[in-house]
Amino acid sequence: MQLFPCPFCGPRDETEFHYGGDAGNVRPDGIDVPTDRWAGYLYLRGNPKGTAREIWVHMICGEFFVMERDTVTHKVLSSAALDGEHAA
Amino acid sequence: MTTRYSALSLFKEGLAGQTGWQPAWRSPEPKPSYDAIVIGGGGHGLATAYYLAKNHNITRVAVLEKGWIGGGNTGRNTTVVRSNYYYPESVELYGLAHRLYEGLSKGLNYNVMLSQRGMVNLCHSTAEMEIGARTVNAMQINGIDAELFSPDDVRRVAPIYNFSPDARFPVFGGIWQGRAGTARHDAVAWGYARAASRLGVDIIQNCEITGFIIEGGRCRGVQTSRGAIRAERIGMAVAGHSSVLAAKAGFRLPINSYALQACVSEPVKPILDTVVLSPGCGVYVSQSDKGEIVIGGGLDRIPSYAQRGNLPTLEAVIAGVLEMFPIFGQLKLMRQWAGIVDVVPDSSPIIGESPLPGLFLNCGWGTGGFKAIPAGGTLLAQLLASGKHNDISRPFDLDRFATGRLIDEAAGSGIAH
């Protein structure tokens, strides 16, 4: 069992966490958003092999946060509360 | 020299001391250019090359494989072949694959050991039975064989299931597909490789793609660990690594890569002669011809490129197996592994031209690529040969993510991702 660091609760079992998508994938704003921009936001993913910056939720405390992780070794590089980029 | 496999050639080679067998496929040096390049030497890639040569008479073809052929998901799946999908588009696609599988051993002159032992998807409640009836109706209307099973029918095909009164997931019936079954996964890769090689296709292993040659906005070849190789038409069938190659080509795909685990027990005497799937337990089980109990479950829920899998998912799968078949409680696990699967939001594959003209995609099969190999190969070959979709592949184009015409098999047939 791998431990993931919740920025609020500390290290907890991986099963308590749920993956929430790419960090930095911000919802397009406004009424004239072109189709390809919507499709990009909804569906297209970086899906990197190696270092990934991702949104996760700790389902116990319910907080969303940003975790940097290596998708090959599964090593966690950093974990931090959501920044202003995702506040909207 | 023996080139064709038959009972007679086996007999002759027996008399000749097995000295006339040849390597099943050639391993040539890559040429500087081909008519078409297929990236990925798994089932889909090898099948694409074979159908390019067989159906379209294009034989100056190279299959480029980073490792060894069939070493990715083709060698890591649970070997199930079936076509019990919901939407007409999916039935056309998987039905084509299923039909081609039925003639594959003869067509390739290679025994892929297709064993149509049937598969039952269990229903554990009245509500699940209603959905089961809907699925069976949809399959029959779409021209695919399906039957709604009663509890007695399930008991007949899987008597060792946990029918005890206190079972956590009791049987209310099931969805039966009698033509479903298993095939020898390595043989599918080797059979296509051998048949393609005999038609002139170059299979080049240990050849990693490091970049794409892009001229005038078109893909005109690839840079590899064994030098530049040019072609006007390039197909890629690299499953969980599709996003990695897409990044090299300058676009993104609607794909997340996850590990999908499977495991087998020690071999035992024949005890289970069908494929049993329990949605409640999140597990499906069959028995290989060697006697191993072959166990598959759901995805690891952590995006990953590590071909090993995590313990919590394996634990849940094993708990599910023991709920389904308490009789397996003393079996020892022999091997466990994982493949990296390419999961798409609507759980349907992507077949079509990529945003980079000249580069064509066959990906997004997620947890179910093995059963689709003959269709994936046929359809990508047609795209590479003509630049145009077959009617069967058209709905699966990448453009559905912009138009919104998704084919949601997670909702349709209950794929668990």
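Biologist: How do helix 2 of chain B and helix 10 of chain B lie to each other?
Modeller: They're oblique to each other, where oblique is what's left after under 35 degrees (roughly parallel), over 145 (roughly antiparallel) and 65 to 115 (roughly perpendicular). This is a predicted model, where local features need pLDDT of at least 70 and side-chain atom pairs count only at pLDDT 80 or more, while totals for chains, interfaces and linings use all residues. Residues are numbered from 1 along each chain as its sequence is written, with chains lettered from A and ligands numbered from 1 in the order in which they are written.

Biologist: What's the crossing angle, and how close do the axes come?
Modeller: Roughly 55 degrees, with the axes of helix 2 (residues 43–56) and helix 10 (residues 373–386) of chain B coming within 7 Å. Axes are lines fitted to C-alpha atoms over the stretch in contact, and angles run from 0 to 180 degrees between N-to-C directions. Helices are DSSP runs (H or I, at least four residues), as are strands (E, at least two), numbered from the N terminus.

Biologist: Which residues of the two helices meet?
Modeller: Among them are Ala47(B), Tyr51(B) and His56(B) from helix 2 of chain B, and Gly376(B), Leu380(B) and Leu384(B) from helix 10 of chain B. Contact means C-beta atoms, placed from the backbone, within 7 Å. By class, that contact has ten nonpolar, eight polar and no charged residues. Ala, Val, Leu, Ile, Met, Phe, Trp, Tyr, Cys and Pro count as nonpolar, Asp, Glu, Lys and Arg as charged, and the others, Gly among them, as polar.

Biologist: New topic: which residues of helix 8 of chain B are buried?
Modeller: Ser242(B), Ser243(B), Leu245(B) and Ala246(B), in a helix that spans residues 242–249. Buried means 20 or more other C-beta atoms within 10 Å of the residue's own, exposed 12 or fewer, and partly exposed in between, with C-beta atoms placed from the backbone. Down the axis of helix 8 of chain B they fall within an arc of 160 degrees, so they line one face.

Biologist: What covers them?
Modeller: The cover includes strand 1 (36–39), strand 9 (209–215) and strand 13 (256–267) of chain B, among others.

Biologist: And what follows helix 8 of chain B?
Modeller: Gly250(B), with a positive phi near 90 degrees.

Biologist: OK, chain A. What's the order of its elements?
Modeller: β-β-β-α-β-β-β from the N terminus on. Buried residues make up 17% of the 88 in chain A.

Biologist: How many of its residues contact chain B?
Modeller: 18, against 20 residues of chain B. Helix 1 (residues 35–42) of chain A gives the most to that side of chain A, with three residues.

Key. The arc is that of the directions from the helix axis to the C-beta atoms.
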